[in-house]
Amino acid sequence: MFVSMKEMLQHASEHNYAVMAINCVDFEQARAIVSAAAEEGSPVIVDISPRQMNAHATPEYMAPLVRAIAEDVDVPVALNLDHGDTYENACRAVRAGFSSVMIDASSYDFEENVRRTRMVAAMAHAHGLSVEAELGHVGQAAAGDGRTDDMYTKVDMAQEFVERTGCDALAVAIGTAHGQYPADFVPTLDFDRLAELKAALKMPLVLHGGSGAGEANIRRVVELGINKINVCTDLFKHQRKAMHDKLNESPNIDYMDLMAWGEQAAKQYIKDYMQMIGSCGRYGFEFHGEALD
């Protein structure tokens, strides 16, 4: 099923589990993501960011590809614009056939974030797409960013933000950061703040910068109400290492065999992660929307 994120994340919120949102740049990754979801009976979200769109994963090519793969399985699959930073990026994703968009205006002041998010939400909702927004600042791990209280999402501002923008899911800042953390570093997360946000908003919450956060942290944030976890850096590292090791072991390996090896490595990583965040076996929920035409 090719669907928006709205129903799957609402179900995750009501039943206290999380859905993986996995960055994808090619056919092998797309097939690994969707086949892992099908085998685990799990909903899943395919993420493509503007940087990935411009560098490699052209949305006009990727959207039909992901949709074709999704229509062969009986689990919900969404294709989401990850960290869309402009109205134009969101419009391009809608035209290309994405089923959900994220507008990330969190680097702007509160009022500008509200204005930009509300504009994208109105456009996307008119086309039947769900909308994710971000409030607070999820920084860059390599820069030691994103781990100070002034960057965290504030509960009262979050309530006002959701009411004024109409977003369907909210990415919150509780101490994670994008990218790769320094060696042996595990972030300390503000679990109390997350619990307060969930109690006040009663809606699907999103964790960005989950790579390198540690299994204990991931399990705890799911318990406290995170329903979508973005995964990019950790999966890319795992897949790259698997292919690197295989190439060292078999220098003359055929190109197609090498790509297939990387796909299987990605698939197994995703299946293990789905089991950790509780999304396996959830696909049988009553789907209240319709698959997108």
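This is a predicted model: local features need pLDDT of at least 70, side-chain atom pairs count only at pLDDT 80 or more; totals for chains, interfaces and linings use all residues.
**Entry 1: a starting question**

**Entry 2: the whole chain**

I counted eleven helices and ten strands in the protein chain. Helices (H or I, at least four residues) and strands (E, at least two) are DSSP runs, numbered from the N terminus. The protein chain has 293 residues, and 58% of them count as buried. Here buried means under 20% relative accessible area, exposed means over 50%, and partly exposed lies in between (1.4 Å probe, protein chains only). I then looked at contacts, meaning heavy atoms within 4.5 Å. Among contacts in the protein chain with a separation of 6 or more, 74% are between residues 24 or more positions apart.

I began with strand E3, residues 77-84, where eight of the eight residues are buried. Two strands pair if DSSP finds at least two bridges between them. E3 pairs with strand E2 (residues 44-48) in the parallel sense, over five bridges. Ala78 in E3 is the bridge partner of Ile45. E3 also pairs with strand E4 (residues 100-103), again in the parallel sense, over three bridges. In that pairing I found Leu81 opposite Val101 of E4. Between E3 and E4 the chain passes through helix H5 (residues 87-96), and this β-α-β crossover is right-handed. Right-handed means that, with the strands pointing away from the viewer, the path from the first strand over the helix to the second runs clockwise.

Next came strand E5. Why is E5 (residues 130-135) described as largely enclosed by the rest of the structure? Six of its six residues are buried, so the strand is largely enclosed. I checked both faces: Ser130, Glu132 and Glu134 are buried on one side, and Val131, Ala133 and Leu135 are buried on the other. E4 and E5 pair in the parallel sense over four bridges, and Ile103 stands opposite Ala133 in E5. The chain goes from E4 to E5 by way of helix H6 (residues 110-126), in a right-handed β-α-β crossover. E5 is also joined to strand E7 (residues 169-172) by four bridges, and the two run parallel.

**Entry 3: two positive phi values**

With 17% relative accessibility, His83 counts as buried. Lys202 has a phi of about 50° and sits in the loop between helix H8 (191-201) and strand E9 (205-207). Is Lys202 buried or exposed? At 65% relative accessibility, Lys202 counts as exposed.

Val19 is in strand E1 (residues 19-23), and I found it buried, with a relative accessible area of 0%. Beyond its neighbours within four places in sequence, Val19 contacts several residues, including Met8, Pro43, Ile45, Asn227 and Ile277. Val19 and Gly278 are 259 residues apart in sequence, yet 8.2 Å apart in space, C-alpha to C-alpha.

Gln275 lies in helix H11 (residues 255-277) and is partly exposed, at 47% relative accessible area. Not counting residues up to four places away in sequence, Gln275 touches Glu40 and Cys280. Gln275 and Glu40 are 235 residues apart in sequence and 8.1 Å apart in space, C-alpha to C-alpha.

**Entry 4: a pocket**

Last, I looked at the second largest pocket, which holds about 180 Å³ of space. On a 1 Å grid over the protein atoms alone, a pocket is an open set of points where a 1.4 Å probe fits, with protein on both sides within 12 Å along at least five of seven lines; lining residues have an atom within 4 Å of a point. Grid points are joined across faces, edges and corners, and the volume is the space filled by probe spheres set on the points. Which helix gives the most to the lining? H10 does, with five residues. Helix H2 (27-40) and helix H10 (233-249) each supply at least two lining residues. Among the lining residues I noted Val25, Asp26, Phe236, Arg240 and Met259.

Terms used:
Residues are numbered from 1 along each chain as its sequence is written. Side-chain values use heavy atoms; hydrogens and water are left out.
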